[in-house]
Amino acid sequence: MSTAIVAQHVRRTTLAQRYPHVLMGSLGVLAVVLSFYSLSVGATEVSMHDVFNALTGNTSNQAAQIVVDFQLPRVILAWLVGIALAVSGGVMQGVIRNPLAAPDVVGVTKGAGFAGMLLLLAIPGVPVLAVVPAAFVGGLLAAALVYLLAYRRGATPVRIALVGVAVSAAFEAGIRFLLVRNPLDVSAALIWLTGSLFGRSMSSVYEILPWVVVLVPLVLIWARKLDVLGLGDDLAAGLGEPVEKTRRLLLLFAVALASSAVAVSGTIGFIGLIAPHMARRVFGGRHLASLPSAALFGVLLMLFADMLGRGLAPPLEIPAGLVTAVIGGPYFLYLLVKTGK
Amino acid sequence: MSQSTTVVPQPTEHRRPKIVTSKQRVTWVALVLLALLVVGVVWGLSIGSQHISLSRLPGAIFRADEPDELILQSIRMPRVVLALMVGGALAVAGALMQAVAANPLAAPEIMGVNAGAVFVVVLAVTVVPSLSGAPTILLAFGGAAVAGVSVMLLAGSGRGRVSPVRLALAGVTASSLLISLTQVLIIFDENSADSVLFWLVGGVNFAGWGDIRNLLPWLVIGLVGAFSMSRSLNLLALGDDMARGLGQNVERTRLLGSAFVVVLSGAAVSVAGPVAFIGLIVPHIIRRLAGSNYTVLLPLCAAAGSVLVLYADILSRYVKPPYEVPAGVVTALIGAPIFVYLARRQKVTSS
């Protein structure tokens, strides 16, 4: 049955099947163009001329300074966070063979957010580099909790999602609890509750960068193993794959990627769920094609969400996590209706 | 399932044919709830940043000449009363909804009803800042009804029957969507941090007598309506066919029950925000303790919901005195494990 679920989503459009590189390349170009445009959007409108000046190192005027200090880190983070969340979701959906799996569905994002926040509040002045490992531990705990609680003669996709909702709700209540005990300002609170790239600097980029740079290529190298796992446990074992070991390691990578994203951006939801879906619909089910394209869709979604949040009503900031929730909620409902048999 | 002609209520989700409400058990549960209620009210009135001896209470009820009495009358009493009202309303709404939807995971907060009410209220307040009181409650009814019906339709639109778990997932997602939209509105409105958290988690921190006056008529309508339906609900619990055979207009019962759900939860949410999980967990606990005869189940749910919100509010004041954790956070922490337990018991294996 599980293979049937995956197979249902392996739908190839002719264009993507014949020329995957063309389509992926144009998505990449779109993401780059969007990034440049995104650099000019914000509370202070910056002209494209100043953007290019700033990027070439000429930061003499104030507009260029804004681009380098505030906009650039956000755009880079949008890329990294989008890639991390989308690849994490793609791996989870491949490993669990479950179209409803995603870091936020299985509780990883809220667990990681809670742990990250706990660390920041418990030890003031903690080095930022420690936040990612803490978030990782939290995400791992939450995922393990969801799996254990959902397990009852097997863990069905829908039950995992449902238990994930409850565990996420508990961790979210925990986050609110911490927020009330340690009043931060509203924007900081909203970052932890809904996820945002507001006020992030280059130091956040350095926090997440090593994780993405190391783990994403590893996952891509293993993309074929994901395909093999998709054949079902028996067949995969027959092909000489140490199924359990591979599965655990890949899940660990997925949790680590999602947690590193949460550590820098708060709990941004739905990207890990919908980006891999879009990728699978367009590029088919082979992970070597679907994971990189999922990453691109993730980047596009993050850029779009962050840009919309900044540009819709400046100087007000709408957290990117809210935008992704408004896009992702209906998509999830659509998936739920579609997977209904 | 052999069914004798005596009307023995049969919860659809448990396949246990016994559950005969024992009068003794019901009495015990009622007494315990009453005791908890009295202790809770006294406790709720006595704690706070200013300690006030309860001997001042009688004086504070009708006049408030001294500061202590003023605090009691204008801050603590409305807070306690509102906690009781909101808890009762949400718990009865949950019991009604589970009966009407024949679904143990149905509850106003799970099905998007509460989030719909909150969204519409916040939208209305954002568009017309001077709006408050009675009209917002009416708008909340609209939001609650639209959200609830949409979730029902969405969950039912997949091929095949509506499984409880699918319904819950669709409802939870719709809720999170509506809550996100509400947050966007709040950001545009630039409210203070307090009211942000209030509209997102719910609580009775800012209760005033005005809220209670607005809520009271709807609460009375909803509760009286719900209680008067208990016989129909008992029949409905036997299953649609059986209920029809016994001369019950099933559609009318469903429609009426849903209307009272909307009134009760819409009204409660419009004054207290979305207090989490009350409507889901209280009916289950009471059904376990006192059986599932709706004639006693509904009043006991009202009492238990009141107790739960009251104690959640009390707990919220103990966490770190000058700051208060909204009661909704406390109920979410209590409710999530129970939700997991209920989800695990669902024997749903397909997709």
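Which residues in helix 3 of chain A are buried?

## Helix 3

In this predicted model, Met24(A), Leu27(A), Gly28(A), Ala31(A), Ser35(A), Ser38(A), Leu39(A) and Ser40(A) are the buried ones in helix 3 of chain A; buried means under 20% relative accessible area with a 1.4 Å probe, protein chains only. An α-helix has 3.6 residues a turn, so residues three or four places apart point the same way.

Those buried residues pack against helix 4 (48–55), helix 5 (62–96), helix 14 (271–283) and helix 15 (287–311) of chain A, where contact means heavy atoms within 4.5 Å. As for length, the 21 residues of helix 3 (residues 20–40) should span 30 Å at 1.5 Å a residue, and its end C-alpha atoms sit 31 Å apart, which agrees; the expected span is 1.5 Å times one less than the number of residues.

## The whole chain

Chain A has 16 helices and zero strands, counted as DSSP runs (H or I, at least four residues; E, at least two). Its radius of gyration is 20 Å, close to the 20 Å from the globule rule for 341 residues, so chain A is as compact as a globular protein of that length. The radius is taken over C-alpha atoms, and the rule is 2.2 Å times the number of residues to the power 0.38.

Of the 341 residues, 58% count as buried. Residues 24 or more positions apart make up 76% of the contacts with a separation of 6 or more.

## Ground rules

Residues are numbered from 1 along each chain as its sequence is written, and chains are lettered from A in the order in which they are written. Local features need pLDDT of at least 70, side-chain atom pairs count only at pLDDT 80 or more, and totals for chains use all residues, while side-chain values use heavy atoms, without hydrogens and water.

Notes
Buried < 20%, exposed > 50% of the residue type's maximum accessible area, 1.4 Å probe, protein only.
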